[in-house]
Amino acid sequence: MLTGRDGTFAEARAALVRADGAVLIGPAGVGRTALARAVVADLPPRLFATVWITATEASKEVPFGALGRLLTGGHPALHPALVHSTVLTSLVERCGPARTPVLVVDDAHLLDGPSAGVLLSLVQARAARALLTVRSGVPVPDAVVALWKDVGLSRLVVPALTEAEVGALAAERLAGPVSRSTTHLLWQWTGGLPHLAVALLDHGQEVGSLARDSDQWRWRAGLAVPAQVADLLDRELDRVGRPGEEALAAMALGGPLPLPVAEAAASPELLADLEQLGMVRSEERGDEVLVRLRDPMLGAAVRRRMSPARRRRIAATLLTGARQATPRGSHAVARALWAVHAGQPVDPPELVRSAGLCLYADPAASEQLARRAWQEGGGASAAVALSAALAEQGRAVEAYETLRAAARDADVAGDPTARVTAGVALAAHRLWVGREPRQAYDDLRRLRADADAAGRAELAALGVLVQLFSGESARALASARQLLGEALPRGARLRVTLASVAALVLTGRTEEAVRVGRTVVETVERSGSSAMPQIRGMAGAALALAELWRQPTPTGPVTDPAAGRWPLPPDPLVSGLSPTAWPLFDGYAQRVSGDRAGAISRLRDAVAQQAGGNGMFRAEATGWLAVTLAEDGRPDEAEAVLREHPVDAVALVPGLRPWALAAVAAATGRRVRAGELMDEAIVVAHASGSWLVELGYLIYAAHLDPVAGPARYADRIAEALVHVDAERLVAAGRAVIALAGRDPTVILEHAHRLVDMNMTGEALKVAGEVGRRAGVSDTVRLAVDLRARLRSAVRDDPARVAGLTARERQIAGLAARGLSDREIAEALVLSVRTVQTHLGRAYRKLAVTSRRDLSDALRPAG
C-alpha cells in the first residue's frame with residue numbers, strides 16, 4: 001500500500017537512477033520496507049539489479065553479519081578492505097557487468113559496525129548504489145549517518161499518514177467510501193501507520209467490527225488489537241525490557257499522566273529513553289506537562305499483556321504518585337479508576353461523579369465506577385449513574401431493570417428522596433430510550449407529591465425538556481421562563497436555561513438565543529466545565545444552533561470520534577483522542593450551505609450514532625438525511641432510511657416526518673402529494689409556535705412549484721418574517737417573495753445575497769428562476785453565469801470536499817493569504833484562541849501541518 005507516498009516514491013527512485021541512492025527514515029510500521037520494495041521494483045531491469053539485505057538484532061552481534069550472504073566461505077576475519085573486494089566481486093557475479101548494483105539494506109540502523117563501514121566504502125567508490133531503510137529515534141551507526149551527511153544520499157523522511165491519506169487507504173482496501181468518523185478513528189488509533197491501519201481494517205472485516213452501512217463503511221465497536229499487530233507490538237515491548245514495559249503499563253492504565261505522576265512510575269531517564277524510541281510523547285496542556293503513549297493501539301497491546309496482579313500493583317503506584325495532586329475533572333476520574341483497580345476504598349459519591357465525567361468518552365469505565373458505587377451503598381444516585389452507562393452501551397433492558405431495582409429499594413426503605421431520584425431517571429429513560437414523551441411527562445407529574453423543593457426543581461427541569469422534544473417549542477419556552485423566575489439549584493437552572501435557548505431559536509428569536517447561550521457557556525466555563533460535561537456539550541450545541549441561522553460561518557460544536565452522539569469534545573485524559581466536528585450539526589450546516597454530498601456523508605454518521613444509547617437527536621438525524629438524499633435525487637435511499645430509522649415522537653424540530661415524506665414525494669415526481677405533506681408540516685410547526693421552522697417549511701414548499709409556489713406562499717412567508725430574526729433564513733424568505741414579484745433584476749440581487757450568506761443551494765434555486773421570467777437578456781446571462789459558478793464551487797472546492805465548516809473555510813482562507821492568528825481574530829471579531837481552534841481543525845481535515853501548505857490544499861483541482 002503506497003497511499004500518500006507518491007512524492008517520496010518519486011524522490012527515492014530519482015535518487016537511485018540519477019545519483020548514489022537514498023535513505024528512507026521513519027517510525028516503526030510506517031511502511032519503509034514496502035516503499036523500498038516498490039521503488040526497486042520500478043527500476044529498469046536492464047539497467048539495474050537489486051541485492052536485498054536485512055539487518056537484524058542477531059546479525060548486529062556478528063562482525064560483517066549483515067553481509068554474510070555476500071561473503072563466500074562465511075565471515076572470514078579479514079581486513080575491511082578485503083571484505084570490500086569480496087562483496088564487490090559477489091555483487092558483480094549476481095548483477096552482471098552490464099547492470100548497476102543496487103544494494104538495499106532494510107533496517108540499516110541494526111547494521112554491525114564493520115558491515116556499515118563496507119557499505120559506506122562501496123557507495124563512496126561508486127561501486128554500488130544504495131537504498132536504506134532506517135527507523136527514526138534510534139541510534140544509527142556512524143558509517144550509515146555518513147552516507148547522507150558526507151556522501152550525499154538523499155535523506156527522505158517517511159512520515160505517518162495524514163487523516164486524509166488513512167481515509168484513502170481504507171477506501172482502497174475496502175473498495176468503497178469510508179465514513180469520516182471511522183477514518184478519524186482509524187487515523188488516531190493507528191497513529192497514521194499504514195501497517196497498523198491495514199491490519200485493523202482486515203481484522204475489522206473479519207470479526208464484523210467494520211461493516212458496510214448503506215453506502216459507507218463504518219466501525220461499530222471498540223479498539224481491538226489484530227493478531228498480526230499483537231505479534232509486532234509484543235516484539236517491540238519485549239525490547240524495552242521490564243522497567244520500560246512497567247512505565248508503558250502505567251500510561252496504558254492511567255491515560256495521559258501529569259509528569260510528576262509519570263515520574264512516580266518511571267525514572268526521568270527511562271521516560272526520556274521511551275520518548276526517544278517514539279513509544280511515548282509529552283505535551284504541554286495549560287500549566288502542566290502530560291506524558292502519553294504514542295497511540296491508542298500501543299496502549300491496547302500493553303493492557304492485553306497486563307495480569308490482574310500487575311494491574312493492581314501499577315494502580316497502587318499511580319495512586320501514590322498522585323497523592324499530592326488535587327483531583328479535578330478527568331484527573332479525578334483517573335484517580336477513582338486507579339482506586340478501583342487497586343482495590344482501595346473510594347467514597348460512593350466520588351465514584352458517581354467520576355462515572356458521570358467519563359460517561360460519553362468511556363462508558364465501560366463509567367459502568368465500572370458506577371457499579372462499584374452501587375455495591376458500596378451509593379443508593380439511587382449510583383443506580384442512575386450505572387443505568388446511564390448501560391444505556392450508553394446499548395444495554396437498554398439492563399439500564400431499565402437497574403432503575404426499577406433502585407425504585408423498589410427506595411420504596412422498601414421509605415426514602416422519598418431516593419424514590420424521586422429513581423423516578424426522574426425512569427421518566428428520562430422512558431423519554432430518550434423508550435421514545436414515549438407523553439408517558440414520561442405523566443410520570444413526572446405523579447412524582448411531584450413525594451418530592452421536596454430540590455426534587456420538584458429536577459422534575460420541572462426535565463418537564464421542560466419533555467415539552468421541547470415533543471415539538472412544543474412555545475410551551476417549553478413559557479415553562480422555562482416561569483421556572484427561571486424561581487429559586488432553582490444550579491444544575492437545574494443551567495438545564496432549563498439551555499432548553500430556553502433552543503426554544504428561542506425554534507420560535508425565531510435567535511438574537512436573544514445567542515445572547516442567553518453565550519452567557520450560559522461563559523457560566524459553565526467559569527465554574528469548571530469539566531465538572532458538567534453534559535451541560536457543557538449542550539451549551540455548545542444550543543449556541544451553535546442559534547448561530548447557524550444568524551451568520552454565514554457558524555461555529556459548530558465538536559465531539560469524541562469514538563462516540564459522537566453527544567456534542568462534547570473528548571477529554572484527552574479519558575479517551576486519549578482529539579476531537580472531530582459533531583456530525584449532526586456539521587451535516588446540517590453543510591446542507592444549509594448547499595453541500596449535499598458533504599451533508600449526506602456526515603448525516604449518515606449522525607444517524608448511526610444517534611441510533612444507540614440516549615439518542616436525543618435521532619429524529620433530526622434521520623429526517624435531515626432523508627430530505628438531503630431526496631434533494632440529491634436518491635429517493636429510494638431516503639425511503640430506506642425512514643424505514644430503518646423512523647422519525648418518532650421525540651423530536652426537537654416539529655413536523656420532521658411530513659417534511660421528509662414530502663421531499664421523497666417531490667423527488668419521485670409526485671408534486672401534489674409533496675405539497676399536501678408540506679402543508680401538514682407547516683400546520684404542525686405553526687401549532688407548536690416554531691416560527692423559524694414554519695418559515696423554513698414555507699420556503700421549501702414554495703420551491704416545490706417554482707411557477708405558482710412563490711405567489712401561493714408569499715403572504716404567509718411575509719407574516720412569518722415578522723417573528724423571525726434569523727438573517728440567513730430571512731434572506732431565503734425574502735428571495736421567495738422576490739420570486740413572487742417576478743422582477744428578474746430583483747430576483748438576481750436576492751440570489752447574490754444568498755451567496756453572501758453562504759446558502760449556495762438556495763441561491764441556485766433562485767438564480768434558476770431568472771431565465772423563466774426574462775427571456776434573453778443581460779440579467780439572464782448573469783444568472784446563468786452565477787449558476788455555473790455556484791455548481792462548480794460546490795463540486796470542486798477542496799474545503800467542502802474535506803468537510804470544513806464555513807467558519808473553518810473563512811479562517812483557513814485568511815491564513816492562506818498570510819494573516820496571523822491575531823490579525824484574523826481582529827478582522828472577524830473573535831478571540832485568538834477561537835481562531836487557533838478553528839485553524840487546527842482545518843489543518844486536520846485538509847491533512848496539512850502549516851500555513852505554507854494551506855494555499856495548495858485550498859486550490860481547486862485543475
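Ring pairs link Trp432, Phe469, Trp582 and Phe617 into a cluster, where rings of Phe, Tyr and Trp (its six-membered ring) pair if their centres lie within 6.5 Å, with planes under 30 degrees apart counted as stacked, over 60 as edge-to-face and the rest as tilted. The model is predicted, so local features need pLDDT of at least 70 and side-chain atom pairs count only at pLDDT 80 or more, while totals for chains, interfaces and linings use all residues. Residues are numbered from 1 along each chain as its sequence is written, and side-chain values use heavy atoms, with hydrogens and water left out.

**Aromatic pairs**

- A search of the whole structure finds 9 aromatic pairs; one of them, between Trp549 and Tyr588, is edge-to-face, at 6.4 Å centre to centre and 70° between the planes.
- Trp549 lies in the loop between α26 (533-548) and β11 (558-559) and Tyr588 in helix α27 (residues 583-593), so this pair ties together parts that are 39 residues apart in sequence; helices (H or I, at least four residues) and strands (E, at least two) are DSSP runs, numbered from the N terminus.
- Trp549 is buried, with a relative accessible area of 8%, and Tyr588 is buried at 10%, where buried means under 20% relative accessible area, exposed over 50% and partly exposed in between (1.4 Å probe, protein chains only).
- The rings of Trp659 and Tyr697 have their centres 5.5 Å apart and their planes at 50°, so that pair is tilted.
- Trp659 belongs to helix α31 (residues 656-667) and Tyr697 to helix α33 (residues 691-704), so placed that the pair links distant parts of the chain, 38 residues apart; both residues are buried.

**Nonpolar cores**

- The largest nonpolar core has 133 residues, and those with the most contacts inside it are Leu468, Phe469, Trp549, Trp659, Met678 and Tyr697; such a core is a set of buried Ala, Val, Leu, Ile, Met, Phe, Trp, Tyr and Cys residues joined through side-chain atoms within 4.5 Å.
- Apart from this core lies another, of 99 residues, among them Ala15, Ala250, Leu318 and Val340.
- Leaving aside residues up to four places away in sequence, Met678 touches Trp659, Ala662, Tyr697, Tyr700, Ala701 and Leu704, a contact being heavy atoms within 4.5 Å.

**Charges over rings**

- The charged end of Arg37 sits over the ring of Trp52, 4.2 Å from its centre, and that of Arg155 sits over the ring of Trp148, 5.5 Å from its centre; the criterion is NZ of Lys or CZ of Arg within 6 Å of the ring centre and within 35 degrees of the ring normal.

**Helix α18**

- The 14 residues of α18 (residues 379-392) should span 20 Å at 1.5 Å a residue, and the end C-alpha atoms are 20 Å apart, which agrees; the expected span is 1.5 Å times one less than the number of residues.
- In α18, 10 of the 14 residues are buried, so the helix is largely enclosed by the rest of the structure.
- The buried residues of α18, including Leu386, Leu390 and Glu392, pack against α16 (348-357), α17 (363-375), α19 (396-413) and α20 (416-432).
- Following α18 is Gly394, whose phi is positive, near 85°.

**Cysteines and Thr580**

- A search of the whole structure finds 0 disulfides, a disulfide being a pair of cysteine sulfur atoms within 2.5 Å.
- Cys95 is buried, with a relative accessible area of 5%, and Cys358 counts as buried at 0%.
- Thr580, found in strand β12 (residues 580-581), counts as buried at 11% relative accessibility and touches His184, Val558, Thr559, Pro561 and Arg602, not counting residues up to four places away in sequence.
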